[in-house]
Amino acid sequence: MSTRAETKGVGAISSDGNLNMAHVQTSRKGFCSVQHGLALIVHLCNFSLNSQKMSLSIAMPAMVNSTAWPGPLNASTERPSANSQDGWNETLQQLKAVAPLYDWSPEIQGIILSSTNYGSFLAPIPTGYIAGLFGAKYLVGVSLLLSSILALFIPLAADAGVLSLIVLRIVQGIAQVMVLTSQYSIWVKWAPPLEKSQLINIASSGELMGAFITLLVGGFLCQTKGWPSIFYIFGGIGCACSFLWFPLAYDDPINHPFISTSEKEYIVCSLAQQDCSPGWSLPIKAMIKSLPLWGILVFYFTGFWTFNILMAYMPTYISSVLQANLRDSGILSALLLGVAFISTILSGLLADFLHSRNIFRLVTIRKLSTAIGVLVSSVVLVSLYWVRSSISTSMGLLALSSATTTFCQTGALINFLDIAPRYTSFLRGLSQVFGHLSGAISSTVAGFLISQDSEFGWRNVFLISVSINMSGLVFYLTFSQAKVQDWATEQTVTQL
C-alpha cells in the first residue's frame, strides 16, 4: 500500500491534539473489528496478570489466620467434638497438609504484598525501549507465561520460607511489568485517534476484571479448597492465555492475517498523520526538561500510591475495620472492582465521544478526567474514618470512589500517548517505574501504620494518601498538555 493511498482523504491534526477528519475512505466497524478483538485479547492477558497478583491479597488472611483453616478436598470442615481427640488431631494434620499457616506480622505481610514492586522498577524502561523497536508480541507472550508458571509455585515458596516467597514474587513482578509495559506499543499502530481511549480502556480493564473475579471467588476457595488452589487455578488460566496470545496477536494491522482490507486501510489512514515510527536515539535531555512529561510522571507516583494500597489491603480493611468475614470481604471487594470495571469502559467511550464531536479539546478531556478521578476519591477517603461504623455507608462511598478513580485512565495515565506517540513504549516504561516505586513505598508504609495503631492507623493511611494525590493533581493540571512535543518529532530527533 503506497503512502499516497494511505494518506488520501485524511485530515490534519491540530496543534492542541485534536484530529479533524475531513474524509476517510473507509468506515469504522465498531466493536465487530479486529482491533477490538485485539483489545479483548490484551484484556484477557491483563486479567490473568492481576488475578495472579491479587491472589495473595485475598489468600493472606487465610494464610496467617488460624480460624480460617479450610478443610481438605472432599472432606468436611466441621471440627470434631471434644471427646474425639484422635479425630481432631488427624484433622489438624490434614489441614496442615492442605494449607500451611504462617506466623507473619503485619509488617512482614506488607513486605510480602508489596514485594512484586521491589524489582519491577528495573524492567519497564529497557522493556519499553525494546518493545518500541521490535514489537510487543513475543515480550508479552513469554512474560505472561513466566508469570503464570511462577504463580503455580507460590505455595511451595511460602512453605520454604519468607525469603523464598519474596524472591519469587520479585521475579514474578518483573515478568508482569514487562507485559504491562510492552503491550502499549501495540496501540501506536492499532489505535486510531478517535478510538484510542476506548481501546486502551477495554484492554486495561482486564486488570480490574482479574481482581474482581479473584476477590469474588477467592474467599470461597480459601474456605473450601484451601488457599493454594487460588494460585493453581489462576496460574493455569494465565498459561492458557499465553498460548492463546501467540497465534492471535500481531504488532501491526498490516501483517495481521485475518483483518479485512477496509479496516486495515481505515487504521492506516487514521494514523498516517502521526509520527509513530520508533527511533534508536532518545532525546533524554529534552525529556528531562519537559514539564508536560514530568506532570505525567509525578501523577503516576501520586495516583498509584492510593491505588496500590486499596488493591493490596481492601479485603483486610473490609474484614478488620468493617467486621466482615473472610468470604464476605472478598465478595464486597469484588463488587467494588466490578463497579470500577464498568466505569472504565464507560469513561473510555465518553472520552472518545467528547473528542470525536469536538465538544472539548483533548487537553481539556485529559485534565477534566484526572480532576474527577482524584477529587471525588479524595473526599471519600477522608470520610471513611468517620462512617466506619456503618458498613452500607462505607461500601457506598468506596463504590463511588472506585467508579470515579477510573477516570484517571482517560486522563493523565494515557497522556504520554498524546505528547510523544513515537516514544509510547519507552514513556510507558518510565511511568511504570514511578508507579511501581510508589507501590513499593505505599504498601510498606500502610502496613507499618496499621500495625502501630489499630484505631488510627487507617485514618492516617487515608489522610496521607489524599495529601499525596492532591499534590500530584495540582502539578499535573498546571503543566499537562495534549499536543505532540517538539522533542518527539522526527525532525527534532534527527537534529539531536
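User: What should I know about the model before starting?
Analyst: The model is predicted, with local features needing pLDDT of at least 70 and side-chain atom pairs counting only at pLDDT 80 or more, while totals for chains, interfaces and linings use all residues. Residues are numbered from 1 along each chain as its sequence is written, and side-chain values use heavy atoms, leaving out hydrogens and water.

User: How many helices and strands does the protein chain have?
Analyst: The protein chain has 21 helices and zero strands; these are DSSP runs numbered from the N terminus (helices: H or I, at least four residues; strands: E, at least two).

User: What share of its residues is buried?
Analyst: Of the 496 residues, 55% are buried (buried is under 20% relative accessible area, exposed over 50%, partly exposed in between, with a 1.4 Å probe and protein chains only).

User: What about α19, and how far does that helix reach?
Analyst: Helix α19 covers residues 424–452 and reaches 42 Å from its first C-alpha to its last, close to the expected 42 Å (1.5 Å times one less than its number of residues). Because 21 of its 29 residues are buried, α19 is largely enclosed by the rest of the structure.

User: Changing topic, which residues does contact link in the chain?
Analyst: Among contacts with a separation of 6 or more, 85% are between residues 24 or more positions apart (contact means heavy atoms within 4.5 Å).

User: Where is I372, and is it buried or partly exposed?
Analyst: I372 lies in helix α16 and is partly exposed, at 31% relative accessible area.
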